[in-house]
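Trainee: Hi! Could you walk me through this one? I'd like to know what to look at.

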Amino acid sequence: MNVHVKHAKANEWINQMIELANPAKVILIDGSETQREMLIKEAVTAGELHELNQEILPGCYLRRSDPSDVARVENRTFICTEEKSEAGPTNNWAYAPEMYDKLHQLFAGSMTGKTMYIIPYMMGPYGSPFSKIGFELTDSRYVVLSMLIMARCGQKVLDELGEEGEFVKGLHSVGTLNPEERYICHFPEDKAIYSFNSEYGGNVLQGKKCFSLRIASVIARDEMWLAEHMLILAIKKPDGQKTYVAAAFPSACGKTNLAMLVPPKKFLDEGYEVTTLGDDIAWLRKAPDGRLYAINPEFGFFGVAPGTSAKSNFNALESTKKGTIFTNVALNTDDNTVWWESLTKIPPENALDWKGNPWTDKENVKGAHPNSRFTAPAENCPCLDEDFNSPTGVPISAIIFGGRRAKLMPLVIESFDWNHGVFLGSSMGSETTAATTGKVGVTRRDPMAMLPFCGYNISDYFSHWIDMGEFLGDKAPKIYNVNWFRTDDDGSFMWPGFGENFRVLKWILARTEGEASGVECEIGIIPEEIDFDGLDITPEVKAELFEVNRELWEAEIEEIESFYGKLDYVPEALAKEFEALKKRVRG
Ligand code: OXD
Ligand code: MN
């Protein structure tokens, strides 16, 4: 078996991998519609995909995964380098030569009797200085069909690669799905990714977390840019002027909802509009005009289905109405469509649960897995920004960090300056919910929402952020922290969230234009006034949303101390910020 691409180095490596995995057949993914349709047909015939009602959901399919393979596996995700200090204390580290030996044993003959698909893919728009190319060699048709949604793939990518271009190597095999021997491995020094024994998107759609965050963060450090776990959105003012914002939130904080937010009617009537560039990842670079520009390297949305409804996220739901692969949702057998918790108030009468069993005990059994997903083409999104494919990207005026903090963080604060903003990002935390694994209500430190995604030592990553501030100088975006999840004494959310979050964006927008005032407090700048017009909340609640409780901040300082204490080092600029915070809180 043998394949030929024009790029000599890529060709050599691909053929080595073919020899190693020993597939019966090799298919190069060319990005054509004919080939995609053939693969869908084969997948349906093989029982890998279930064809949904093509009148209601044209081009849509349902996939049921192995029940043991439904989420990212952080404990089986490795950064493999020569030195442990490269990976740092927040990553699982493996000595690269040893891990290569292990993987080469696992992959030897792993595709015997199967087909290897060679996917040339590009993260980022065609013809863009931001974009990067990879190959994923996989034995899964589901992965191929998902990658065709999530990334730009095929001959056009090979054309961009040419004979000398750089590329990231990627090998994936479904193996036996044995969770004990599951490996999601990154070799930043060789720009290589190996995933074995999983077929879950976050583990094996290598363009996403593996390349666009873990490997790209290392490339970004070396090339002086940022690869971040951020959505990108645009706010259009009634006069037509657009401002772009990037925002990082840990998983389960409503990132996709914010990315596709529909402003309250009052603001729509005034002529405001929000458009979406991305819901998960941003690559940000200094452009010739000195400002920070961003692209979304992805081509689709890999969103959590439960909780998505016409009310919570109309645009996300619309995005799933054609050409979408649903994974681990319930099947409505009355009309052969899909269902998940909160899609509608009343579940379908006749349905199969995500495992494919008749769904009878609706009280105690979930119809859809809590991490069930839709893999939907971005171009379906009704509010997709017109610059989604722009090779130059969009200029970012504000960076927002956020998390779930029941009592601590105000609705919004602006950082005093770039370094203080980096401090806010570096120390940010989010309280766990039932949807994430582990204990409920525990604060997990998740700096810049990158804890599971930073491909190198987190201390160096913080230093890199500080350096980026210097590099951007006075053209650096302003940095904010938001918290939609503040609760009252009964544990109820005080802020309505969803579309109403637009009010916070509007204040941020005004700040970036120097048109709104703020008040300095211990932890940052809070709004003097925010547009609450038409919102039914009491003055007490309004005040409480911005309250800074010194006792809680004292406890937070201790937690940050303990988190910083686990790092290899704290960059001087951040240590200074931390000292300044302590003084302000205690002063
Ligand atoms: C995701 C995640 O799937 O962050 O995007 O977990
Ligand atoms: Mn994510």
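Predicted model: local features only at pLDDT ≥ 70, side-chain atom pairs only at ≥ 80, totals over all residues.

**Around the ligands**

Trainee: How much of ligand 1 does the protein bury?

Mentor: The protein buries 89% of the 210 Å² that ligand 1 exposes when taken alone.

Trainee: And which residues surround ligand 1?

Mentor: Arg-72, Lys-209, His-229, Ser-251, Asp-280, Arg-373 and Phe-453 surround it. By type, that shell has four charged residues, two polar and one nonpolar.

Trainee: How far is an oxygen atom of ligand 1 from an N or O atom in the side chain of Lys-209?

Mentor: That distance is 2.9 Å.

Trainee: OK, what coordinates the manganese ion?

Mentor: The manganese ion is ligand 2, and its donors are Lys-209 through NZ, His-229 through NE2 and Asp-280 through OD, at 2.1 to 2.2 Å. Along the chain, these donors follow the spacing K-x19-H-x50-D.

Trainee: Where do His-229 and Asp-280 lie?

Mentor: His-229 is in the loop between strand 12 (226-228) and strand 13 (230-236), while Asp-280 is in the loop between strand 15 (273-278) and strand 16 (282-286), so the pair ties together parts that are 51 residues apart in sequence.

Trainee: Are those two, His-229 and Asp-280, buried or exposed?

Mentor: Both His-229 and Asp-280 are buried.

Trainee: New topic! Which residues touch the most other members in the largest nonpolar core?

Mentor: Trp-283 and Trp-465 do, in a core of 163 residues. Another core lies apart from it, with 37 residues, including Val-5, Phe-78, Met-99 and Phe-135.

Trainee: And what about Asn-197, buried or exposed?

Mentor: Asn-197 counts as buried because its relative accessibility is 2%, and the cut-off for buried is under 20%. Asn-197 sits in the loop between strand 11 (192-196) and helix 7 (201-204). A polar atom of the Asn-197 side chain is 2.9 Å from the backbone oxygen of Glu-181.

Trainee: One last thing: why is helix 14 largely enclosed by the rest of the structure?

Mentor: Helix 14 spans residues 502-512, and ten of its eleven residues are buried, so the rest of the structure largely encloses it. Among the buried ones are Phe-502, Trp-507 and Leu-509. Just after helix 14, have a look at Gly-514, which takes a positive phi of about 70°.

Definitions and conventions
Residues numbered from 1 in each chain as written. Chains lettered and ligands numbered in written order. Heavy atoms only, no water. Near = heavy atom within 4 Å. Polar contact = N/O pair within 3.5 Å; in protein donor to acceptor, adjacent residues only side chain to side chain. Areas by Shrake-Rupley, 256 points an atom, 1.4 Å probe, with all protein chains shown as cover. Nonpolar A, V, L, I, M, F, W, Y, C, P; charged D, E, K, R; others polar. Core = buried A, V, L, I, M, F, W, Y, C linked by side-chain atoms within 4.5 Å. Buried < 20%, exposed > 50% of the residue type's maximum accessible area, 1.4 Å probe, protein only. Donors = N, O, S within 2.8 Å, 3.2 Å for Na, K, Ca; no water. Helix = DSSP H or I, 4+ residues; strand = E, 2+ residues; numbered from the N terminus.
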